[in-house]
Amino acid sequence: MTEHTSPETSVASFRSSLLKHLQFTAGKDPKHSTVFDWRIALSHTLRDHAVDPWFASTRRTWDEDRKRVYYLSMEFLIGRLTEDLAINLGLRDIAAEALESLGVDFETVASEEPDAALGNGGLGRLAACYLESMATVGCPAYGYGLRYEHGLFEQSFKDGRQQENPENWLAHGNPWDYARPETVYGVGFGGDVYEENGVLRWQPGTHVQAQAFDSPVVGYGGKWANTLRLWAATPNADLFDLGRFNSGDFAAAAEPEALARSLSRVLYPNDTTDGGKQLRLSQEYFLTSASVQDIVRRHLVNHDSLENLDAHVAIQMNDTHPAIAGPELIRILVDEHGFDFDRATDLSTLVLGYTNHTLLPEALERWTVGLMRNVLPRHLQIIERLDQKFVELQAGSHHPARLISGDQVNMGDLAFTTSHRVNGVSALHTELVRTELFPAHDALHPDRIVNITNGITPRRWLKLANPALADLITKTIGEGWETDLDRLRELEAHADDPAFLNAFAQTKLAAKERFSQWLKEEHDLDLPTNALVDSQVKRMHEYKRQLLNILWTIAHYQRIKRDPNAGWVPRVKIFAGKAAPSYHTAKDIIKLINDVAEVVNNDPETQHLLRIVFPPNYNVTMAEKLIPASDLSEQISTAGMEASGTGNMKFALNGALTIGTLDGANVEIREHVGADNFFLFGLTTEEVAQRRSQRGHSRAAIEKSQALQDILQAVAEGTFSPDEPYRFGQLVDNMWNSDWFLVASDFDDYDRAQQEVEEAYRDTARWNRMAVLNIARMGYFSSDRSVREYMTEVWGVESAL
Ligand code: 26V
């Protein structure tokens, strides 16, 4: 491999490469270049440096006939790549210097890049962290996804209500990917199944072409690079109806083509229900079929048969979205390669792994048999046969679990039966997957379910997002923590050193100032930097309980009003997150937060003690600035409902303390950082189940809490919506009469924990010590650790490094 990071030559050569790309790629001279032109020059210069490690890694995988991992995901929530790639190539400072010598500021240029939001939330961002970690630890891997023209919608507020606007990240092109017009596969849909000489053949009604676009994914240090391959739907020429066109019906002529293009047009913005949408199922099959065809084709380049596929290929399904991979692989083995059905099933199962990311019943994918037959008739036959086998395996059971129940195909059960490993994403979640979701499967295959607790990449979420803290860490314990995050433990030795605690506090202040300036410039919002910054940022969902947070904020406001001189800690409450466009309750909660903010922020009596800030359009880029600026991380979901959470890890790694329930990875974070350094509250998973079974539990809880009664009364009376007093009638009514998410039951204990936060923050040295201990003990939550566990527990793949 060539030495591409040598500092002696690099600034000058980087500079000349920038100028070359400015001239020949952007087609501009420096005098007339815009920030966009400089961004094109910078990204192409960086991409050039990615090519050597990329080719070298790919070549070695071929030469050594290494087993490859294929990570299939409908979502990759990537964010920006310029600075990430610069850091991983070791070129961050060189690039900045080279640009500076040309009178251009690195950050200004990097900030011009659109945020690639090809994902909804946790599941999509996890896929992006894992891609980066697989490259860093030298795991030969491909990410496979869709090249959506439009990622997750852009959120704005109009009168405090969410508006959705289409996102357009490709408007000015994507400098990171290489189009591969020669790598195309036909993906079939619909049609019929025929018997031909005793074998079944699927004759699809239509075909759509999937075209590959490849981006290099470079690991930290540039020692290894993998490929992210995204598929775009490119309708084949015969979809354009020339007959209709010639007869003058121009609109109808383009219809089948439009349908084909719709397959990669837009990311579905829901992360719960999306019942029965044919386009969604078609998108899932489009991703899966193109990817499986590509995997099989690559294997056959240097192997005579598919017999030993499991020795060379591991396919990971990111949730059930690509769960049609099982039937697809079986179909290819049986229908196209003459395998016996049982052998094809066993082989497919050895190749496939399935990660479950949610227990929410409305988020578990089910497709009706009718829809399945319309879109994928051959796959339905295969699923029916797998269902029979599954029932036979449960011989003796009076109520066997089924892959098809009633008229529904259950994709979770399908994914389970076609995988040799099924994993949950935190210890608690995995236990619930075992006992609540798949008990019948678990009884048949007790070794199949494993836990792999989620992780986050410390390159993006510490080194890139929090340069001041990263520098302090390097100054204190030396280099190398970026790829060996357990080394952060060495910081513990400094947790009682006032000078170090002070230096940590300075990094927090710097991050607050940076975020404050960004909020002003981007959103004209004011963030005081002398206050406790208390953040809840994530998708808007009832189970995540933003409602609990805003109701407590109202209580806090009322108390400050009652006794303004009680020595309150100044606080800023930050909320950020999107609601699914059709999720009306989540949208009402957004409106409530914005209405409360309007009142609280304009109250001259309390302004200096309490603010509410809700910037619109939360995305990866905002997270990178917001998380380092936070002191308190709100992880307050109803116990048993958040599979893991990964924002919780990002905050703790950046020295925020957590106020949270015993849910998802909070449990393990608390074990690692120590119970003394975590603000715990709330019912446990078991208590949640118990409480829900008690009739009238919410009314009883409210009647016990004077604070909660006062808040609900204020909301019900229209204190925050004087123009429409009953605006939040439904929310309040639901609190009294139903309250599935147990906001009322957990309110008083949350309030108690918030008082403890207040007390701890008043003692600056104590708070900073707790924060430093959090950072020092978060090494376990590196996604490098997670990926290594997948490699040994699921994929059977070795590092090439
Ligand atoms: C479901 C659906 C249903 C159909 C329409 C599109 C769509 C998109 C996503 C989903 C499932 C989302 C599940 C998810 O994001 N789970 C989160 O996964 C994180 C990573 O494991 C985890 O940290 C979060 O706790 C979990 O909520």
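These legends accompany close-up views of one predicted model.

Residue numbers start from 1 along each chain, following the sequence as written. Because the model is predicted, local features need pLDDT of at least 70, side-chain atom pairs count only at pLDDT 80 or more, and totals for chains, interfaces and linings use all residues.

**View 1. Confidence of the model.** The model has an ipTM of 0.95 and a pTM of 0.97.

**View 2. A three-stranded open sheet.** Its 3 strands follow the order E14-E16-E15, with antiparallel pairing. Strands (E, at least two residues) and helices (H or I, at least four) are DSSP runs numbered from the N terminus, and two strands pair if DSSP finds at least two bridges between them. E14 (366-368) and E15 (404-405) stand at the edges with a single partner strand each, so one side of each lacks a neighbour in the sheet.

**View 3. Where E15 meets E16.** Here 2 bridges join E15 to E16 (residues 408-410), and the two run antiparallel. Look for Ile 404 opposite Val 409 in E16.

**View 4. Helices H6 and H32 crossing.** The axes (lines fitted to C-alpha atoms over the stretch in contact) of H6 (residues 122-136) and H32 (residues 783-795) come within 9 Å. They cross at roughly 75 degrees, on a scale from 0 to 180 degrees between N-to-C directions. H6 is therefore roughly perpendicular to H32 (65 to 115 degrees).

**View 5. Residues at the crossing.** Cys 129, Tyr 130, Ser 133, Met 134 and Thr 136 in H6 meet Ser 783, Asp 784 and Val 787 in H32 (contact: C-beta atoms, placed from the backbone, within 7 Å).

Technical notes: Angles under 35 degrees count as roughly parallel, over 145 as roughly antiparallel, 65 to 115 as roughly perpendicular and the rest as oblique. Two residues are in contact if their C-beta atoms, placed from the backbone, lie within 7 Å.
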